[in-house]
Amino acid sequence: MNIRTRLTLLFVLLVASIVLLFTVSVYYLYDQFREQEFQQRLVEKAFTTVRLREDVGEVPRADLPVMTDEQVTIYNRQGTVLYNQETKRPRFPITPSLLGKVAYQKPQYLRIGDTEAIAVLHLNARKEPLIIVASGNDRYGLSKLDRLREILFSGWLLSLVIVGIAGYLFATDALRPVAELITQVNAISATNIHERLRVGRQRDELADLAGTFNDMLSRLEEAFVLQKSFVSHASHELRTPLTVMMGQIEVTRLQARTTEEYEVAFDALLDEVKSMIRLVNGLLELARANSDVVTLNYQPVRIDELLWLAQSQIVSKKPDYQIDIDFDNLPTHEEELVIVGEESLLQTAFQNLMENGCKYSPDGCVSVRILFEQGRLKLTFSDQGYGIPESDLPHIFEPFYRSESTMTITGHGIGLALTRRIIELHHGQIQVDSVVGKGTTFRITLPTTYTPSQSSGGTHKLSESISV
């Protein structure tokens, strides 16, 4: 069952229930009104009959208002019939229980089929209590009640038909924007992922739904473009060393070489292989950083230890690089150095910034500084290198982007993109300031797990860790 049919049925059921409740209420209230009105007529008939009888004796039937199948019977307190308007026996005989109820001046209503009666107490001129039972058939009132029932039932059935048609039209109109959205969504594919959904009503829930879809499409388009760019650049970066390796092998095979010449060729091939390994490792790290956050292993880690470890890794490979790590105003508690993060990813980010600072500086030197603030710590990586042109600053965090001024320096353009993604995964921020010819400074802000309410662990342990 589709939504339109379900909405139509629910609408019809709701309105039909309301209309049915209304018609039943009208019928019940009118029936109560008719019953009360007829009881009042019976009471008037009873009292009029007994008063006339006391005044003139036998009451001529033509002297009283006539009701269908009427009968008036007068009883004394013992239940003996004193007067009966009809020659036949009383239609509603008095019982001791009824006699007792009426004796307390409580009129009693009786009914057998369509014949209704009222029993009331009356004191005659001698103060003798008399029980008067007046009965009759309210044929006129019951006929109007039957007619009202027919009208209400017919009107209810007609209202069901009208409500069904109106509900179908209403559901169709309400779901028309949904059908339009479905048509637009089905028309969007990889070839026109830039298209966006449009809705005629701009201030309802469907407009919000379309906006949500458009936001999702924007994210998908961005991911799609990044994926295409990633595959294209990765293919290009991998193809270049493979082409160089194939060329070197072909040249080497053209003629016999000496042992020294083969060693030179093999060294060149080894350098290309190492370059490919670095590229592949960078791609794997970037893919891992872009994977689902829940797959990462977050643990409490100390930033100072990661910085020293990153420094030792770089210096072991490039002994001519110089990396200075300085602390500004040492923290009172060593817990201020602890953040919750993925140790290997953070180390990779710090290594990338350190290595870039050394690689793009003529003196191969980079300075790392740690500043402490309440609830967060700041890291700055500064160098006195070539600097980054202002036109390149907005693009340096894009994968495989490299400035024209750095094309002569070995690299693949993955490090900064990977670094920014790692910092974002740790709810941090990264900013860059650079002046061409003077150097570049990267600033990283990361939240810490320390709160002032935590107990101090002593500063001597921090000093020991710094001196390691």
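Modeller: Happy to! T252 counts as buried because its relative accessibility is 16%, where buried means under 20% relative accessible area, exposed over 50% and partly exposed in between, with a 1.4 Å probe and protein chains only. Please keep in mind that this is a predicted model, in which local features need pLDDT of at least 70 and side-chain atom pairs count only at pLDDT 80 or more, while totals for chains, interfaces and linings use all residues. Residues are numbered from 1 along each chain as its sequence is written, and side-chain values use heavy atoms, with hydrogens and water left out.

T252 sits in helix α4, residues 205-253; helices (H or I, at least four residues) and strands (E, at least two) are DSSP runs numbered from the N terminus. A polar atom of the T252 side chain lies 2.6 Å from the backbone oxygen of Q248. Leaving out residues up to four places away in sequence, T252 touches R257, Y262 and A265, a contact being heavy atoms within 4.5 Å.

Strand β4 (residues 115-123) is another buried part: eight of its nine residues are buried, so the strand is largely enclosed by the rest of the structure. Strand β3 (residues 108-112) pairs with β4 in the antiparallel sense over five bridges; strands pair if DSSP finds at least two bridges between them. Within that pairing, L110 has A117 of β4 as its bridge partner. β4 is also joined to strand β5 (residues 129-137), running antiparallel, by nine bridges, and the bridge partner of H122 in β5 is L130.

Notes. A polar contact is a pair of N or O atoms within 3.5 Å; within protein, one must be able to donate a hydrogen and the other to accept it, and residues adjacent in sequence count only if both atoms are side-chain atoms.
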